[in-house]
Amino acid sequence: VTGSGRGGGAPRWTRRLLERLARPAYADEVIGDLEEAHRDRVARLGRVVTFVLTSVESLDIAVALWRERRRAPVLRPAVHERDAPGAPARRGLLALSWLDFKLGLRMLARYPGLTVVGGVAMACGIAAGAGLFEFMKDAAFPELPYPGAERLVRIVTTSPEARTASPTLHDWEVDATSCVL
Amino acid sequence: MPTESLAEFELLVMLAALRLGPERAYTVSIVEDIRRRTGRLVRRANVFTALRRLEEKGLVATRLGDPRPERGGRPPRLVRVEPAGVDAVRATTSAIRAMVGELGPMLGESR
């Protein structure tokens, strides 16, 4: 393959751009078209005008290639793999594959508006839930006006023995095995 | 299967491919043929996209030709119009002719 930009071929960056964007099956065709059109123009229009025209045209083709890549369903690999005849049925988390994860990321990137709306909705939901939790906690369990209030406990007992034996705090301290009073 | 109906640009591409034949029809030559016959400045990107679409519909088939020096040693993708494509061209041009009908003189056509 010839054509190094300086040697009469299309500018190198245009070829690299199209090489990156074209599917492998179409890369030779697309770059060959670019080279042929470029050389034809050089003969008719001169190098400067041709450089501009080829640059603009390569961007135009790059957009077409980009659209073509996006148009081809990225869903195919994941869907085909899962629905392939004889594929084992997977349930729960096993049904999620790396392809599903990648597909999810691509879909988020493809629909940025939806991604933003979903993200904002989730943020609002989390904030509302956290706020409601704090409000209910303060309403149901108000903090006592003492220093270290969270360490205060109220000890009650309903055991039949307690009514007759009437234990003191000292008895509790002696008998406690799982906490320090 | 019902005959495909072609959009205007697709019809131009198909007609150019038919005229050039399977050994000479590829993106660059199709662009040049349409430009020469209609005077339109056709974007190569549009022809590329149209050919992919027509291929997906099964109206044309493509294959890589021989590498050519004027293409930097790269091969063209040659286009062959399939029988379904010929049917589609026939159906579309027939519909246009039927709709034009007796309006030819009004549209400035010679007959």
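Q: Why does pLDDT come up, and how are things labelled?
A: Because this is a predicted model, local features need pLDDT of at least 70 and side-chain atom pairs count only at pLDDT 80 or more, while totals for chains, interfaces and linings use all residues. Residues are numbered from 1 along each chain as its sequence is written, chains are lettered from A and ligands numbered from 1 in the order in which they are written, and side-chain values use heavy atoms, with hydrogens and water left out.

Q: How many residues are in contact between the two chains?
A: On chain A 23 residues are in contact with 18 residues of chain B, where contact means heavy atoms within 4.5 Å.

Q: What area is buried there?
A: About 2000 Å² is buried between chain A and chain B, and carbon and sulfur atoms give 47% of that. Buried area is the accessible area (1.4 Å probe) that two parts lose on being put together, summed over both. In chain A, the most area is lost to chain B by Glu29(A), Asp33(A) and Glu36(A), together 29% of what that side buries.

Q: How many salt bridges cross over?
A: The rule finds eight across the interface of chain A and chain B. A salt bridge is a side-chain nitrogen of Lys or Arg within 4 Å of a carboxyl oxygen of Asp or Glu. One joins Arg77(B) to Glu29(A), at 2.8 Å from N to O.

Q: New topic: how do α3(A) and α3(B) pack?
A: Their axes are 8 Å apart, at an angle of about 25°. Axes are lines fitted to C-alpha atoms, for helices over the stretch in contact, and angles run from 0 to 180 degrees between N-to-C directions. That makes α3(A) roughly parallel to α3(B) (angles under 35 degrees).

Definitions and conventions
Helices (H or I, at least four residues) and strands (E, at least two) are DSSP runs, numbered from the N terminus. Angles under 35 degrees count as roughly parallel, over 145 as roughly antiparallel, 65 to 115 as roughly perpendicular and the rest as oblique.
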